[in-house]
Each structure stands twice: as structure tokens, then as C-alpha cells.
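Here are my notes on this structure, written for someone opening it for the first time. Please keep the view at hand and follow the points in order.

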Amino acid sequence: MAGDAFRQVMRHAGEVAGQPLSVNFGGEDPIYPSCIRAADGAAGALGAVSAMAQEIGVDRGLPRQSVTVSTRAAAASLLSFMHMRVDGNMVLPPSMANPTIGIYRAGCGRHIHLHGGFPHLRDGILRLLDCENDETSVADAVSKWDAVALEDALAYMNLCGAVVRTRAEWADHQQGQHLAAAPLVELVRIGDAAAQELPPSTQRPLEKLRVLDMTRVLAGPTCGRTLASHGADVLRLGAAHLPTIEPFVMDTGHGKRFATLDFGIKEDAETLKDLAGKANIFVQGYRPGSLERHGLGPAHLAELRPGIIYVSVNCYGHDGPMSSRAGWEQLAQSASGMARLHSDETVAPGEDPTLFPAAATDYTTGYLAAFGTLAALRRQQREGGSWHVRVSLSRTAMWMMDLGAVDHRKAVPVADEELGDLMDARDTPFGNMQFLRPADMLSHTPPFWELPPSPMGSSNPTWR
């Protein structure tokens, strides 16, 4: 149940979890037709975010609050972008019709999930496979490869793909072993700094906390969106030369301003470091090692801005042989055994694998990152130091599977009329948008997004 997931997440806060808190959860799995407790996991993670937010609010002078989370709303949030409407229309990402995104059978009989989610990844996969951009050509090309050899070749070319493994195969894999020994939410002290008391707050738990959001697609941006729902000042930074997926920008842009900088340009790099030096929280989802080369790694920012909370989100974990590989939600499901488990329990053992029918690890990892951020912030207030929060899509998938199985035949999906009750609407630069409200609730300061989502480059790279 969601309460069990909540308690498991809260253990990672340790002594700064605050006084014992009961969170009221409405609904439980199965909601999606799967054996995997994805809704309970998402609800538990969101409950932990709200629990920590209200503790920070108490630290800043706000009254103690009760916490409620709708597990069914948390389930809907795992398909947040699919439920969004702009001027009454669905806005689907182009990747949903991309033949280089999908599960294919290799010549060895095993399956591999390819992910060409950006144009350069798509084109690189087609060059490596020497095939046309259609499903039949891609399938024929993959059938000539051994699955593990293709996975390694994709990684060598800085492309994205993962062998579809069982849980047992992942447990035997060196990367799976690294993750099994790692916390779900890892808090690492990375430097010395004086404890920094937050100023009093009169309205919202996270008001006037500055979050520099350098993330892309779903998991990382969900962290910033979640912090914004409790009042944080979130400035997202993109680069004009890097591709984005506009429906995901819309979906995860609530509560943020969105500016552009190119840290390959000296002047922009100086601006970026100035912004980071004035931030409380820095969230990044770049390929491991990328920001270190630009002087923006955890150690760099701990020196630049002592007391900072540095948050890293990646696919496969932060140590081990696969940690430097870029990845996506679908690849975490495939590599970790989640897709295989879902398929064997929901479809039939031995059938071609299929994914859990929502971006479960993406959104939930974002919620876990937000929780870790607030737990680290409370530790900073009490112990001092600069802190590094580390989460990964694959570790989240492993945790979801460890929550225990449910009978998919008893699933009660969120109905359209129920979904309508979970939606809100507002005018945005993209048009009139209908979107899901936050699934968590605080009794005195209910979460909401002050700002509508906005296009990349629509804001100046400055703090308010």
C-alpha cells in the first residue's frame, strides 16, 4: 500500500524526518493493469515530499499541517503529459511515432529496447544499424545483432538502448549489484559549510528558495515542478542548440520560468555560475560527467556556493559500469527487469516484453528527487555542509518491484469522469491548457503552481 511506500521513503530522511506523521492516502493499487505497485510508489513518494515540505514550513513559522495524497491522482500523474489538453486537443510527443523507439528481437533471441528520442539519437541509431527509418527495416537490422553486443555498441557511440533483462539477470549484472547496494534516495555530504537557517515564511513552505533547474524531458523537470508546487522560485535553464520535446516542456513547466544559456560561451558560462552561486538548490539531469567538464560538478558548486543542495538524476545509477550511459524511462524499465516482470505477469510468460503502461519511473524519480532535496535542506539547516542528492530511474524501478505484486485483473483504472475532477485549467503562452493538479495536499498551504508553463527562452536568466 501507499503507506508502506511512504514509510520506506521517509527512512532516507533519518533524524530530520520530523515528528511522527500520518499521511492519509486515498485509494490503492492495482490501478493500472499490472502487477507492479506504481501508483502506491508514486503516492508514497509524493506523501514524503509533502511531509518534508510541511516540516520546513514549521521551521519557518508556518503551522503544522496534515497531509493527504490521492493515490488515484498520483496514478494519473504517471501519464501527466497524456492527460494534458491545449485548446481542447491532445499534444503528443513526436517520439510516439518513431521506429527507433521500441523493443526489438535480436538475432540471439533476446530483446533490446532502442531509444532514439532526439533527432541526433535517432539518426545515430539508423547509421549504426545501416537501415531505413521504418519499423520493418529496424527490426530486420536488429535481428542481425547479438543483443548485448548491440547494447555495448550503442553505448560506445553515445546512443541509447538497453537489453530487456529479467530481474534475476539484472541482479547478476554488475550494474544491478551496484544499485542493489545503493539507497533509493542517496544523500551525500560533499563539503563543509555553516548551517544556514531559512528566513521566516508567511505563505508557503518553500517560498524564496531558489532552484536552478538544468534538466530535460521528464524525471528531472518533475523534481523542479514538484518543488515549485510548494512555492520555490524555479528557474529552468536550457540551451538553444539542444533539442527539446515541447509537450514535455508544457507538462513539466508549471511554476517555472524558462531561460536559455550556452555554457560553451564564456559570457553565458559566467552568468550560469553567478546564478548557481545565488541558488539554494541546483538540479541537473545531464549525462554523467558533462557538467564537471564545465566546472559545474558537485564539488565545483560546493566550493562556489557552500551549503548548496546539488541534485543529480540519471538512468542507471551514479556508480558502476553503466553509470555514464545516457538513458530514458523505457530503458530503465527494460534493463532492470520491470518490463519483463510486467509482461510475464500481465500478458503471458515468454511473450514479447511490453512496458508498464505509464512513465512510472520518470515521474516517481522526480518526486523522490524532490523529497531528497528537502531532506538534504533540513540536514543542511541542522548539520551544515553542502549536500549531493542522487536518484536514478533504474533504482526507482527496482524499488517499485520490491513493493510486492498485486493482481492486475483487479485493476480499477482512473475513469474519464474521475479524471475531470483532478484537472485544472489556465491560459498559458501555448494556449488554454487543461492539466492535472498536484496529487498531494497540505491542509494550510495546498500546493499549486503560481506560474503557467512557458516556452524555452521566454524568460531572462536572472533571479527575481
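1. A starting residue. This is a predicted model. Begin at Ser229. Ser229 sits in the loop that links helix H10 (219–228) to strand E10 (233–238). Is Ser229 buried or exposed? Its relative accessibility is 3%, so Ser229 counts as buried; the cut-off for buried is under 20%.

2. What surrounds Ser229. A polar atom of the Ser229 side chain lies 2.6 Å from the backbone oxygen of Thr226. Thr226 also takes part in the contact between H10 and H16, taken up in the next point. Leaving out residues up to four places away in sequence, Ser229 touches Arg204, Pro438, Pro447, Phe448 and Trp449.

3. Follow H10 to its contact with helix H16 (residues 360–383). The two axes come within 7 Å and cross at roughly 50 degrees. H10 is therefore oblique to H16. The crossing is right-handed. On the H10 side, the contact is made by Ala219, Thr222, Cys223, Arg225, Thr226 and Leu227. The H16 side supplies Asp362, Tyr363, Thr365, Gly366, Tyr367, Ala369, Ala370, Thr373 and Leu374.

4. A covered helix. How many of the residues of H14 are buried? The count is 7 of 8, and the helix is mostly covered. The buried ones are Glu329, Leu331, Ala332, Gln333, Ser334, Ala335 and Ser336. Just after H14 comes Gly337, with a positive phi of about 100 degrees.

5. E6 and E7 belong to an open sheet of 3 strands. Its order is E5-E6-E7, and its pairing is antiparallel. Which strands form the edges? Strand E5 (101–105) and E7 do; each pairs on one side only. Neighbouring strands here are turned by 20 degrees against each other on average, direction ignored. Between E5 and E6 there are 5 bridges. In one place, Ile101 stands opposite His115 of E6.

6. Helices across this sheet. H14 lies across E5, E6 and E7, and runs at about 15 degrees to E7. Helix H7 (residues 147–156) lies across E6 and E7. The direction of H7 is at about 20 degrees to E6.

7. Another sheet. An open sheet of 3 strands is ordered E1-E2-E17, with mixed pairing. Strand E1 (23–26) and strand E17 (440–442) are its edges, each pairing on one side only. Its neighbouring strands are turned by 20 degrees against each other on average, direction ignored. E1 and strand E2 (residues 67–70) run parallel and are joined by 4 bridges. Gly26 has Ser70 as its bridge partner in E2. Helix H2 (residues 38–59) packs on this sheet and touches E1, E2 and E17. The direction of H2 makes about 155 degrees with that of E2.

8. The segment after E17. Pro452 lies here. With 23% relative accessibility, Pro452 counts as partly exposed. Pro452 and Phe430 are 22 residues apart in sequence, and their C-alpha atoms are 9.5 Å apart. Not counting residues up to four places away in sequence, Pro452 touches Gly253, Lys256, Arg426, Asp427, Thr428 and Pro429.

9. An arginine to finish. Arg390 has its place in strand E14 (residues 386–392). Its relative accessibility is 15%, so Arg390 counts as buried. Which side chain makes a polar contact of 2.8 Å with that of Arg390? It is the side chain of Asp319. Setting aside neighbours within four places in sequence, Arg390 is in contact with Leu184, Val185, Glu186, Ser312, His318 and Asp319.

Definitions and conventions. Residues numbered from 1 in each chain as written. Predicted model: local features only at pLDDT ≥ 70, side-chain atom pairs only at ≥ 80, totals over all residues. Heavy atoms only, no water. Helix = DSSP H or I, 4+ residues; strand = E, 2+ residues; numbered from the N terminus. Buried < 20%, exposed > 50% of the residue type's maximum accessible area, 1.4 Å probe, protein only. Polar contact = N/O pair within 3.5 Å; in protein donor to acceptor, adjacent residues only side chain to side chain. Contact = heavy atoms within 4.5 Å. Pairing = 2+ DSSP bridges. Axes fitted to C-alpha atoms, helices over the stretch in contact; angles between N-to-C directions. Parallel < 35°, antiparallel > 145°, perpendicular 65-115°, else oblique. Left-handed = near helix turned anticlockwise from the far one by under 90°.
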